[in-house]
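I opened a notebook page for this model.

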Amino acid sequence: MKTHRSIALVGALMAGLLGGAAAHAQQPVLNLYSSRHYQTDEQLYAGFTKATGIRINRIDGKEDELIQRILREGRASPADVFITVDAANLQAADEAGLFEPVRSRVLDERIPAQFRGEDNRWFGYSYRARVIAYNRDKVKPEEVRSYQDLAHPRFKGRLCVRSGGHVYNRTLMASMIYNYGDENALDWARGIVANLARAPKGGDTDQIRAVAAGECDVAISNHYYYARLMASDKAADQDVVRKVAIVFPDQQGKGTHVNVSGGGMLKHAPNKAAAVRFLEYLASDEAQAYFANGNNEWPVVGSVRLNNPQLDAMGRFKVDQLPAGVLAQYTPKAQRFIDRAGWK
Ligand code: FE
């Protein structure tokens, strides 16, 4: 009797365990490796789980560390999707052989070819512009109409910019090479170095602040750092915005250099169906708004409208049509030119 009951109990326990295991195995998951860390990304992931029932396991890290980790894990890697910022980082992951092409009509229709990597191995979901910031009192906007203006001798000792080796400047340099040829691009980099007000230091926001502080009169920055200052309620930040304005360069020429935030499906992804659904979800209206707004960037899906006062205030601008994938291929040469010009 006693034995009987024990067996029944063990049986019930086992059924429970197996049932639990089965339920667990059925709950689909997506393993996401991300070097983005914006708070609105949380809403994005919650939205995906709500829409698809697929749970997200997220590993956060720096892009190069995540790329190394995925390489180390090899075939055993649990990573399904890798998302990061900048075409050069996406390209680095691609060159390391991490991505697998994704065939998806949704992505083909919604993401312009300009914002996709070679053979659809990665996709850009939002874009950011590299803009010129200038002191409203000391510089006229017509003096800074193009990136090339920044290399003009009139700005000698008046320019602030972060290090040349930083991926934002390397990718900008790649666009200069593509648009104007090797010689002109190298001359431009030398002109930038000749005009520096100080040795490069700090991030983009530091360059904008240095313009406000009078340490320099012009600077290069991604637009969203300025958007953050615009949105800030700190008096010091508002003061910076009062003193410093931005322009979208090359509106008369090729258009302003833009770069992407994006991701792709990994070759050894154990959950490929979930990976494709996630990449498609990121192109949906809802996700595009979260993805882009999270860092005050523009959605790549042209029909998506953002309710973002800072971006609205910046207005529309002509975008350089250079494909992000092509741009990324020029980054090794860009780095060599940056080194040759002595842009530390
Ligand atoms: Fe940034």
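I sorted residues by class: Ala, Val, Leu, Ile, Met, Phe, Trp, Tyr, Cys and Pro count as nonpolar, Asp, Glu, Lys and Arg as charged, and the others, Gly among them, as polar. The model is predicted, so local features need pLDDT of at least 70, side-chain atom pairs count only at 80 or more, and totals for chains, interfaces and linings use all residues. Residues are numbered from 1 along each chain as its sequence is written, and side-chain values use heavy atoms, without hydrogens and water.

Cavities. I took a cavity as a set of points on a 1 Å grid over the protein atoms alone where a 1.4 Å probe fits but cannot get out; lining residues have an atom within 4 Å of a point. A volume is the space filled by probe spheres set on the points. I found 3 cavities of 30 Å³ or more.

The largest cavity holds about 50 Å³. Its lining has 3 nonpolar, 4 polar and 3 charged residues. Among them are Tyr147, Met176, Asp250 and His257.

The second largest cavity holds about 40 Å³. I noted Asp86, Arg128, Tyr168 and His257 among its lining residues.

Terms used
On a 1 Å grid over the protein atoms alone, a cavity is a set of points where a 1.4 Å probe fits but cannot get out, and a pocket is an open set with protein on both sides within 12 Å along at least five of seven lines; lining residues have an atom within 4 Å of a point.
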